[in-house]
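Dear colleague,

I am handing over a structure that will be new to you. Please look through the sequence and the model below, and then read the notes on what was found.

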Amino acid sequence: MKEKILVTGGTGYIGSHTTVELQNAGYDVVIIDNLSNSSRKVLDGIEAITGIRPEFVEGDCTDIETLRALFKAHPGIKGIINFAASKAVGESIEKPLLYYRNNLMTLINLLELMPEEGVKGIVFSSSCTVYGEPDRNPIDETAPIKPATSPYGNTKQISEEIIRDFVHSGAPVKSIILRYFNPVGAHPSAKIGELPVGVPQNLVPYLTQTAAGIRKELTVFGDDYDTPDGSCIRDYINVVDLAKAHVIAMKRMLEREDTENVEIFNLGTGRGVSVLELIESFERSTGVKVPHRIGPRREGDIEKIWAEPRHANEVLAWVARETLDDTMRSAWAWQQTLK
């Protein structure tokens, strides 16, 4: 029988897609989520895709006693994938203490309990924001960590340091840190996708809501950057491709003894796409126009960054396969199911 995995923030966007891939790979999954930015209905979508309803605990990972009770109620958890974090750059500038409390306390609590509960490894959801404004692109894992441009990015930097320090102290745990670029799209079944509570903080759900007439127009934050069309450039990665990388990372931690105790991988496509190019891809692939305007630059935004994913390609045998047009079609199909 496959191992039992705890997915924190598992009803969220990336967490739900990763739960699907874990269950498809034969793992037993326990989810904990406080539903602050997700819905219990996501469990229905996961079950519809996989035929299995994951165990679910509604709770807040910043409360260590809640986590302790979870481990007692669900013994035998061998690995953790940690998605329980607030994740919007703009909001983090407005509410820094929320981000530091939520993102750091969750990780500290999990690490503290891992040796007690015999948990072997943790896959940590990190971000390309740790590179700040990079000196060069594409960017690989050897690039320097720059001062964060937002509290959100800073929580990812600090979290990585906490993991390294904890493992270095002799704690009997392993970790794989996955630095994502920009996850977008939805499951091809359109049963799960990005479902933010309230006004979306991320580009694609705001874009699809605008295309659906829910929002009046999309604001592109700046068209005067040093890029071909003046808008920011990012590396947009399909969320299912991203989810599959977590399953590979977990298998590597649990089954191999010959790996480093802390490993870091960039997860991206290796291709930079501007915000205006993303809008064009959506309109081209769906035939639906997106009302948009150019607004002022947004504090905390990086000008341009995209991945050099070769390390993940070679070591994990993982590759981002989905095209941007297909990814945009999946995001639109998901939006249409929400009408």
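Please keep in mind throughout that the model is a predicted one.

Glu-303 belongs to the loop between strand 13 (292-295) and helix 10 (310-315). With a relative accessible area of 17%, Glu-303 is buried, because buried means under 20%. Apart from neighbours within four places in sequence, Glu-303 is in contact with Glu-133, Tyr-225, Asp-226, Thr-227, Cys-232, Ile-233 and Arg-234. One of these residues, Tyr-225, also carries a charge over its ring: the charged end of Arg-297 sits there, 3.9 Å from the ring centre. A further case of this arrangement concerns Arg-215, whose charged end sits over the ring of Tyr-206 at 5.9 Å from its centre.

The model contains an open sheet of seven strands, paired in parallel and ordered 3-2-1-4-5-6-11. Strand 3 (55-58) and strand 11 (262-267) each have a single partner strand and stand at the edges, so one side of each is left without a neighbour in the sheet. On average, neighbouring strands of this sheet are turned by 20 degrees against each other, direction ignored. Strand 11 runs parallel to strand 6 (residues 174-180), and six bridges join the two. Within this pairing, Ile-177 has Ile-264 of strand 11 as its bridge partner.

Setting aside neighbours within four places in sequence, the contacts of Ile-32 include Leu-6, Val-7, Val-57, Thr-66, Leu-67 and Leu-70. The C-alpha atom of Ile-32 is separated by 5.7 Å from that of Glu-58, although the two residues are 26 residues apart along the chain.

The aromatic pair

The structure holds one aromatic pair. The ring centres of Phe-282 and Trp-332 are 5.6 Å apart and the ring planes stand at 90 degrees, so the pair is edge-to-face. Phe-282 lies in helix 9 (residues 275-286) and Trp-332 in helix 11 (residues 324-337), so the pair ties together parts that are 50 residues apart in sequence. Both Phe-282 and Trp-332 are buried.

Backbone points to inspect

Most residues other than glycine have a negative phi, and most peptide bonds are trans.

- Asn-137 and Pro-138 are joined by a cis peptide bond, with omega at about -5 degrees; Pro-138 is placed in the loop between strand 5 (121-127) and helix 6 (151-168).
- Leu-35, in the loop between strand 2 and helix 2 (42-50), has a positive phi near 60 degrees.
- Ala-190, in the loop between strand 7 (182-184) and helix 7 (203-211), also has a positive phi near 60 degrees. Ala-190 is buried, with a relative accessible area of 14%.

Yours sincerely

Definitions and conventions
Residues numbered from 1 in each chain as written. Predicted model: local features only at pLDDT ≥ 70, side-chain atom pairs only at ≥ 80, totals over all residues. Heavy atoms only, no water. Pairing = 2+ DSSP bridges. Helix = DSSP H or I, 4+ residues; strand = E, 2+ residues; numbered from the N terminus. Axes fitted to C-alpha atoms, helices over the stretch in contact; angles between N-to-C directions. Contact = heavy atoms within 4.5 Å. Buried < 20%, exposed > 50% of the residue type's maximum accessible area, 1.4 Å probe, protein only. Phe/Tyr/Trp six-rings, centres within 6.5 Å; stacked < 30°, edge-to-face > 60°. Lys NZ or Arg CZ within 6 Å of the ring centre and 35° of its normal.
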